Amino acid sequence: MSTLPITSLLDEDELALQHAVRRFMLQEVEPLSEKMEREGQPPRELFRKLGDMGFLGSFLPEEYGGGGMSIATRAIISEETARVNAGLDISLFADIVLFARAVAAYGTHEQKLKYLVPVLTGEKVGSMAITETKGGSNALGARTTARPVGQDWVINGTKTFITNAPIADFILVLTRTSGAERELEGGTWFIVERGTPGMETGKPFDKLGMRSSPTSEVFLQDARVGAEQVLGEVGQGFHYLLRSLDVERVLEGASTIGIAQACLDVAAKYALEREVFGKRISQYQLIQEKIAAMESGIELSRTMLVRLLRAIDRGEKVTREAAILKLYSSQMTVQAASDSVQILGGYGYVEDNKVARFFRDAKHHEIGAGTTEIQKIIISREALRRYG
């Protein structure tokens with residue numbers, strides 16, 4: 001069964017990586033999926049195996065244990081991971097796309113040795129804490145504060161819905177160190193290590209989907225960190241955040257495609273085997289319509305994804321296009337998951353079948369990394385700007 005992107009989209013090294021990741025996911029991750037869903041987190045050994053295979057830092061600097069390849073390699077790994085277990089992919093997203101990529105971009109050499117290297121080997125796990133109870137999409141409204149005390153900083157505040165928080169060794173915390181609420185100036189990132197006095201993580205949330213990925217609150221009460229734990233420049237944190245959003249949204253598109261592809265894998269196979277009224281259901285036009293919608297949505301999303309990854313490699317701004325991909329692919333994936341459940345009928349409605357998990361996991365992508373509504377605002381704003 002061939003479900004790979006057309007050859008012209010990827011170069012030979014990227015195609016070889018895709019085949020290797022697919023084998024790894026089927027051999028190493030698929031057998032663990034039920035256990036991860038039940039326990040609510042990936043086994044630590046799996047991070048180390050991913051690090052050994054070079055699947056964590058494929059696009060990050062070789063000097064610190066990365067692969068030095070194109071950013072498309074991160075998308076390839078993400079798609080094939082989500083195709084088997086989307087919860088694991090979300091944990092890797094927080095670990096690599098959010099934490100490791102930020103440290104690689106803004107960290108000092110010493111910080112990269114201390115924090116980036118062990119994350120890329122899988123010995124340590126990273127996370128990023130942005131969202132607060134008073135604002136998810138309103139990142140500039142952060143009420144977590146940090147104030148200087150001697151040579152150190154003291155952090156106070158609460159973060160919520162933080163992916164990997166229950167298992168993370170390092171949490172990148174966004175704080176306000178100066179300026180008024182909603183001001184772009186005055187944000188500062190701190191790398192807070194597990195075990196820091198004053199920092200605690202809450203009980204993992206019991207979520208609708210992405211159950212293989214642990215999510216919780218992060219509590220900071222007079223958590224004291226050294227000046228060497230400031231990431232980048234003091235006061236520039238919100239700028240760093242806004243610069244990263246486009247790439248994050250593009251890469252999340254890979255996860256949505258992976259889930260949709262998994263839905264099609266199961267639904268098409270079932271449609272070719274299931275007989276109703278003396279005919280395989282694949283022969284009925286209403287089933288064909290659902291299969292056609294999945295195939296078309298996946299192909300359109302994947303083609304746009306790779307185009308945007310190449311644009312990012314060239315240093316181009318993709319704010320409008322990233323929002324379009326995020327909006328379209330997330331809605332497409334939710335519909336694909338719903339259609340796959342419908343095609344399987346009663347079998348799709350029981351937890352023993354993977355499509356029930358796909359259905360729950362898909363919904364995350366209409367919320368995480370910017371809601372559907374936020375994407376529509378961005379797209380309309382960018383469109384109107386051309387006419388204004």
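1. Skipping neighbours within four places in sequence, I343 is in contact with A267, Y270, A271, I281, I287, K290, I291 and M294. Contact here means heavy atoms within 4.5 Å.

2. A quick word on what you're looking at. This is a predicted model, where local features need pLDDT of at least 70 and side-chain atom pairs count only at pLDDT 80 or more, while totals for chains, interfaces and linings use all residues. Residues are numbered from 1 along each chain as its sequence is written, and side-chain values use heavy atoms, with hydrogens and water left out.

3. Back to I343, and to the core it sits in. The largest nonpolar core has 97 residues, and W189, V250 and I343 touch the most other members. A nonpolar core is a set of buried Ala, Val, Leu, Ile, Met, Phe, Trp, Tyr and Cys residues joined through side-chain atoms within 4.5 Å. Buried means under 20% relative accessible area, exposed over 50%, and partly exposed in between (1.4 Å probe, protein chains only).

4. Which helix gives the most to this core? That's α7 (residues 237–273), with 17 residues. Helices (H or I, at least four residues) and strands (E, at least two) are DSSP runs, numbered from the N terminus.

5. Now zoom out to the domains. The assignment gives domain 1 (6–125), domain 2 (128–236) and domain 3 (239–386); such bounds come from an automatic or database domain assignment. The C-alpha centres of domain 1 and domain 3 lie 21 Å apart.

6. How do domain 1 and domain 3 meet? On the domain 1 side 28 residues are in contact with 29 residues of domain 3. About 2,300 Å² is buried between the two, with carbon and sulfur atoms giving 60%. Buried area is the accessible area (1.4 Å probe) that two parts lose on being put together, summed over both.

7. There are charges here too: the count between domain 1 and domain 3 is three salt bridges. A salt bridge is a side-chain nitrogen of Lys or Arg within 4 Å of a carboxyl oxygen of Asp or Glu. E14 forms a salt bridge with R310, their closest N and O atoms being 2.8 Å apart. On the side of domain 1 that touches domain 3, α5 gives the most, with nine residues.

8. Last, have a look at D89, which is found in helix α5 (residues 86–106). Is D89 buried or exposed? D89 counts as buried, because its relative accessibility is 1%. Not counting residues up to four places away in sequence, D89 touches R74, S78, T81, A82 and S255.
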